[in-house]
Amino acid sequence: MFLFSMIICSILNVICGYISIFNLMFSILIIHSELNKNVCKALIAAEYVDVEVKMAENFQMGKSNKTPEFLKLNPLGKVPALETPEGPIFESNAIARYVARLKPENTLFGSSPIEYGQIEQWIDFSALELDANMRAWVFPRLGYATYIKSAEESYISGVKRGLGALNTHLASRTFLVGDSVTLADIIMTCNLVNGFKYLFTKSFTSEFPHVERYFWTMVNQPKFSKIIKRMGEVKQAEVVLPFTSTKKPESKPKSEPKKEEAPKPKPEPEATPEEEEAPKPKVKNPLDLLPPSPMVLDDWKRLYSNTKTNFREVAIKGFWDMYDPEGYSLWFCNYKYNDENTVSFVTMNKVGGFLQRMDLARKYAFGKMLIIGNEPPFKVKGLWLFRGTEIPKFVMDECYDMELYEWTKVDLSDEAQKERVNQMIEDFEPFEGETLLDAKCFK
C-alpha cells in the first residue's frame, strides 16, 4: 500500500509539472524593450516552441526603463527584461533560455548531454569572443564611446580571431551543433546581425566564407526571417559604419562693442604643454630593430614567383645563396590533429584560413604548406622562413593556428633536413612517399 501511494505521488508530481509548464505556455509573457537583436533571441526561440511573447506597448528607451515599475524588473534599468507570472528575468541569453524551455522535449537544447554542453559552449563563445568585441568596435562609431585607434585595432583583431575559429568549425556543418537549429544558432545569428549590417563588408567576410554562408542561411530560415525583418531588411555593409559626431557645432559669439580697459602687464611666457610636443614615433616591430641582413626577403619571393623552369638550378640554388642563418630561421611544422582531416575540401580550407590569418607576418615570413595523401586522413605539413632566429613572438601571440602545429627548427648541419627543405619549396612529388593533394604558398 505504501509503495502504491509513492507511485501515485510521483505520477501526480509529473502531471503537476506538465500542468505548470502548460499554464506558463499560455500565460502572458511581456518583453520590456524596444526591438533589437537581443530581443530577437527570445522572439525567435518563442517561434520554435510555439509560445507567445509580447512586446511592451509604448516602450521608450531612456524613459520607460527608468520608471519604478521597470526597476522592479531589472534594478539596473537595462533592457531587455521579461515579465512572467512567476517573476522577472533579465539578460537576453537568460530570457532566451527560459523561453526555449517552456515547451518540453524540443530540440533547441539538443538531444544528448554532450549536445547540450556544446550548445552552451557556443552561446558563451558568441557572447564573449564575438559580441563583446563587435560592440566595442561599433560603439565609438555610433558616438557612444571615445574612439581610440589602438583599442579599435585590438577589437577588430578579436573579432577576426573569433570568426576564424567559427569559420573552421562551420566548414563541414550547416548548424553549430547537430543537424537542426538549436538555441546556439539563434543567439549566434542574432549577435552577428549588427556586425553584418554595420561592420562586415564583403571584402572583410571573404576571409570567412563558411561564416558568411551560415549567417545568410540562418537569417533566411522562416522563423528567423519573420522576427528579424521587423528590424528592417538585413543588408551587408558596403563600407564600415562612419563615425557619428556627438559634438554640437560651436556658435560664434555675437560681437560686442569694445570697452576701454586699463593696460595689463605682459604675461610671462608659458611653458609649452606636453600635448603640443611633436608626435612620438610609432613603436617599431622588434624585427625591424634587428641588425641588417644580407638576405632581402622580397628578392627571394620575387625569384620564387618568377622561376618557371629549372626550379632546382635557379630558385633552390638562389635560395641557399641568399639565405642568412644569422638573420633568418627555417622551421618545419606538422599539424597535431591530422587524424581529423577526413574531408579534402575542409582540410584545404583549414590551411587556407591559416595562411589568411598569417597576413600580419607577410613582411617577415615566407611559407609552404603541403596537404599530403590521396585518401583520408590527409596530412598537413609545412615549411616556414621567419625573420630572426626564433619564431616571432607576435605571430605566436596573435595567430591562434600556431598552437595547432608542432614546430621544429631546421638543423642546417643535417643534409637530409636541407633536402627536405628543397622538396617542400619546389612541391616535390612524391613527398615522403605520398602524393600531394594540394600545395599552398605564403609570400
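Helix axes here are lines fitted to C-alpha atoms over the stretch in contact, with angles running from 0 to 180 degrees between N-to-C directions. With that in hand, welcome to a few close-up views of this predicted model.

**View 1. Helices H11 and H12 pair up.** Helix H11 spans residues 297-306 and helix H12 spans residues 311-322; their axes come within 10 Å and cross at roughly 175°. Angles over 145 degrees count as roughly antiparallel, so H11 is roughly antiparallel to H12. On the H11 side, look for Asp299, Trp300, Leu303 and Tyr304. Their partners in H12 are Phe311, Val314, Ala315, Gly318, Phe319 and Met322. Sorted by class, this contact brings together eight nonpolar residues, one polar residue and one charged residue.

**View 2. The largest nonpolar core holds 62 residues.** Val99, Leu183, Leu192 and Phe200 have the most contacts inside this core. Strand E1 (29-32) gives two or more residues to the core, and so do several helices, including H2 (37-49), H4 (92-100), H5 (113-142) and H6 (149-170). The largest share, ten residues, comes from H7.

**View 3. Leu183 and its surroundings.** Setting aside residues up to four places away in sequence, Leu183 touches Ala45, Ala96, Arg97, Ala100, Leu108, Phe109, Ile119 and Ile123.

**View 4. Two cis peptide bonds.** Pro377 sits in the loop between strand E6 (365-372) and strand E7 (379-387). A cis bond also links Glu429 to Pro430, with omega near 0°. To find Pro430, go to the loop between helix H15 (415-426) and strand E9 (436-442).

View 5. Most residues other than glycine have a negative phi. Asn58 is not a glycine, yet its phi is positive, at about 55°. You will find Asn58 in the loop between strand E2 (53-55) and helix H3 (68-73). With a relative accessible area of 71%, Asn58 is exposed. Glu91 has a positive phi too, near 80°. The loop that holds Glu91 runs between strand E4 (87-90) and H4. Glu91 counts as exposed, at 51% relative accessibility.

**View 6. Confidence along the chain.** The protein chain averages a pLDDT of 87, and 85% of the residues score at least 70. Over residues 16-25 the pLDDT is below 50, and beyond near neighbours in sequence this stretch has 13 contacts in the model. Residues 268-278 also stay under 50 in pLDDT, and for them the model has zero contacts beyond four places in sequence.

**View 7. The whole chain, for orientation.** Stepping back, the protein chain has 15 helices and nine strands. Of its 443 residues, 41% are buried. Among contacts with a separation of 6 or more, 73% join residues 24 or more positions apart.

How values were computed. Residues are numbered from 1 along each chain as its sequence is written. This is a predicted model: local features need pLDDT of at least 70, side-chain atom pairs count only at pLDDT 80 or more; totals for chains, interfaces and linings use all residues. Side-chain values use heavy atoms; hydrogens and water are left out. Helices (H or I, at least four residues) and strands (E, at least two) are DSSP runs, numbered from the N terminus. Angles under 35 degrees count as roughly parallel, over 145 as roughly antiparallel, 65 to 115 as roughly perpendicular and the rest as oblique. Contact means heavy atoms within 4.5 Å. Ala, Val, Leu, Ile, Met, Phe, Trp, Tyr, Cys and Pro count as nonpolar, Asp, Glu, Lys and Arg as charged, and the others, Gly among them, as polar. A nonpolar core is a set of buried Ala, Val, Leu, Ile, Met, Phe, Trp, Tyr and Cys residues joined through side-chain atoms within 4.5 Å. Buried means under 20% relative accessible area, exposed over 50%, partly exposed in between (1.4 Å probe, protein chains only). pLDDT is the predictor's confidence in each residue, from 0 to 100.
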